[in-house]
Amino acid sequence: MVRVNLRGTVLVVTKAAARIMVLDLIGPHGERGVIIITASITTYEGQGGQGTYVASKGAIAAMTIRAARECAFKVLRVLAIAPGLCNPHGCKGAAGRGRSRHE
């Protein structure tokens, strides 16, 4: 879990930031772009049995703040989204372990 979620994210962000930082400024506000990292709502509301997953996603959220500060001087924004559970119409009958707590 940590290798895929955390290490994978660090490697991708590091390589993407290095490539983006050498680009010319673009847009009306003179930016280079945005790196969007996927965290998770479990960072803030983890359930029992999700310790490793919660830890990896929490580390991603913390890493985002540091990455945003380090990339700001090169006019590159870094942010994270923390998607949560959703209840689309097609999932009405799909009662899963994670859904029941939030319904």
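**Close-up views of a predicted model**

View 1. The model is predicted: local features require pLDDT of at least 70 and side-chain atom pairs count only at pLDDT 80 or more, whereas totals for chains, interfaces and linings use all residues. Residues are numbered from 1 along each chain as its sequence is written, and side-chain values use heavy atoms, with hydrogens and water left out. Helices (H or I, at least four residues) and strands (E, at least two) are DSSP runs numbered from the N terminus. The patch covers about 310 Å² of surface and is made by Val34, Ile36, Leu79 and Ile81. Patch residues have over 30% relative accessible area and no salt bridge, with like charges joined within 9 Å and nonpolar side chains (Val, Leu, Ile, Met, Phe, Trp, Tyr) within 5 Å; areas follow the Shrake-Rupley method with a 1.4 Å probe, and for residues only the protein chains shown count as cover. Val34 belongs to strand E1 and is partly exposed, its relative accessible area being 34% (buried is under 20%, exposed over 50%, partly exposed in between; 1.4 Å probe, protein chains only).

**View 2. Gly30 occupies the loop between helix H1 (2-20) and E1.** The residue is partly exposed because its relative accessibility is 22%. Leaving aside residues up to four places away in sequence, Gly30 touches Leu25 and Val75 (contact: heavy atoms within 4.5 Å). Gly30 and Val75 are separated by 45 residues in sequence, and their C-alpha atoms lie 7.6 Å apart.

**View 3. A salt bridge joins the side chains of Glu31 and Arg77, at 4.0 Å from N to O.** This pair links distant parts of the chain, since Glu31 sits in the loop between H1 and E1 and Arg77 in strand E2, 46 residues apart. Glu31 is partly exposed at 28% relative accessibility, and Arg77 is likewise partly exposed at 43%. The whole structure contains 2 salt bridges (a side-chain nitrogen of Lys or Arg within 4 Å of a carboxyl oxygen of Asp or Glu).

**View 4. Glu70 and Arg66 form a salt bridge, with their closest N and O atoms 3.2 Å apart.** Both residues lie in helix H3 (residues 51-72), 4 residues apart, or about one turn of the helix. Glu70 is partly exposed, with a relative accessible area of 44%, and Arg66 is partly exposed at 45%.

**View 5. The largest nonpolar core has 13 residues, of which Ala17, Ile35, Ile37, Cys71, Leu76 and Val78 touch the most other members.** At least two residues of this core come from each of H1, E1, H3 and E2. H3 gives the most, with 4 residues. A core joins buried Ala, Val, Leu, Ile, Met, Phe, Trp, Tyr and Cys residues through side-chain atoms within 4.5 Å. Residues up to four places away in sequence not being counted, Leu76 touches Ala17, Ile20, Met21, Gly33, Val34, Ile35 and Cys71.

**View 6. Helix H3 and the elements that cover its buried residues.** H3 comprises 22 residues and extends 32 Å from its first C-alpha to its last, close to the 32 Å expected at 1.5 Å a residue (1.5 Å times one less than the number of residues). Its buried residues are Ser56, Lys57, Ile60, Ala61, Met63, Thr64, Ala67 and Cys71. Their cover includes H1, E1, helix H2 (42-45) and E2.
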